[in-house]
Amino acid sequence: MESPVSKKNPIAATTLTRHTSRLELRPLALRDYRAWLHAHRTMGPPQFSFDSGPLPEEKLTYKCFREQLKKDRTLREADRFYSFGVFLKDTGELVGFTNLIILFRVDLQTAFIGWGTYNQYWRRGYGRESVEATIAIAFEGLHLHRIEAGIEPRNRPSVALAKAVGLRR
C-alpha cells in the first residue's frame with residue numbers, strides 16, 4: 001500500500017487539521033514559534049511524575065523549534081509520525097499536543113496515540129477534546145483501523161482520559 005503522504009499522493013492540509021468548538025488541531029508551523037515559546041515559558045513546574053514541565057531555556061530557541069518541525073515533517077512524509085499542536089481558536093494559544101505513531105500500514109492500519117496538555121491549561125477539558133479530534137483525524141483523514149494508547153497504569157489522568165474518550169483495555 002502506498003503511503004498516504006507520499007509525493008505521488010499528498011494528504012491535503014485540511015485532512016491534518018481539525019476544529020472543535022474551542023480548539024484547532026494542526027501540525028505546527030514556523031509561524032507558531034511565539035505561541036510554542038509562550039506555552040513553555042508560562043508552564044508551571046512539574047506537578048507529578050508524568051508531567052515533564054517546561055523545556056530548559058536552551059531548548060526554546062527558534063533554531064531548536066525549526067529543527068523539530070523539520071524532523072516532524074520528515075516523519076509525516078514517511079507516514080510514520082503525525083504531531084498536532086492544540087490551539088485555542090479564540091486566542092491562538094498553544095495548550096498542548098497530540099500525536100499518532102503509525103505502527104502498521106499493511107492489512108492492519110494501526111497507530112499509537114499520545115497526548116499532553118501543558119500544565120497551566122489542565123482541568124479545562126482540552127485533553128479530551130483534542131484526543132477526540134485526533135481520533136477523528138486518524139480514522140477519517142489517515143484511514144486507520146485501530147488506535148492504541150500505551151499508558152503507564154500509574155498515570156491516572158491519562159488512564160481516565162483514555163476511558164473518557166472510549167478507549168478500552
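Which residues does Leu 23 touch, not counting residues up to four places away in sequence? The model in which this is answered is a predicted one, where local features need pLDDT of at least 70, side-chain atom pairs count only at pLDDT 80 or more, and totals for chains, interfaces and linings use all residues. Residues are numbered from 1 along each chain as its sequence is written, and side-chain values use heavy atoms, with hydrogens and water left out.

Leu 23 touches Arg 18, Val 86, Phe 87, Leu 88, Lys 89, Val 95, Tyr 126, Glu 129 and Ser 130; contact here means heavy atoms within 4.5 Å. Leu 23 is placed in strand β2. Helices (H or I, at least four residues) and strands (E, at least two) are DSSP runs, numbered from the N terminus. With a relative accessible area of 0%, Leu 23 is buried. The term buried means under 20% relative accessible area, exposed means over 50%, and partly exposed lies in between (1.4 Å probe, protein chains only). The C-alpha atom of Leu 23 is separated by 8.3 Å from that of Asp 90, a residue 67 places apart from Leu 23 along the chain.

Side chains of opposite charge can pair when their charged atoms come close. A salt bridge is defined as a side-chain nitrogen of Lys or Arg within 4 Å of a carboxyl oxygen of Asp or Glu. The structure holds nine salt bridges.

One of them joins Arg 18 to Glu 140, with the closest N and O atoms 2.8 Å apart. Because Arg 18 lies in strand β1 (residues 18-19) and Glu 140 in helix α3 (residues 126-141), this pair ties together parts that are 122 residues apart in sequence. Arg 18 is partly exposed at 26% relative accessibility, and Glu 140 is exposed at 52%.

A salt bridge also forms between the side chains of Arg 22 and Glu 129, at 2.7 Å from N to O. This pair, too, links distant parts of the chain, for Arg 22 is in the loop between β1 and β2 (23-26) and Glu 129 is in helix α3, 107 residues apart. Arg 22 counts as partly exposed at 32% relative accessibility, whereas Glu 129 counts as buried at 12%.

Elsewhere, Glu 24, Arg 26 and Asp 32 are linked in a network of salt bridges.

The next element to consider is helix α1. Its buried residues are Tyr 33, Ala 35, Trp 36, Leu 37, Ala 39 and His 40, and they pack against α2 (62-77), β3 (81-88) and β4 (94-105). Leaving aside neighbours within four places in sequence, His 40 is in contact with Pro 54, Leu 55, Leu 60 and Tyr 118.

Helix α2 also contains Lys 70, which is exposed with a relative accessible area of 52%.
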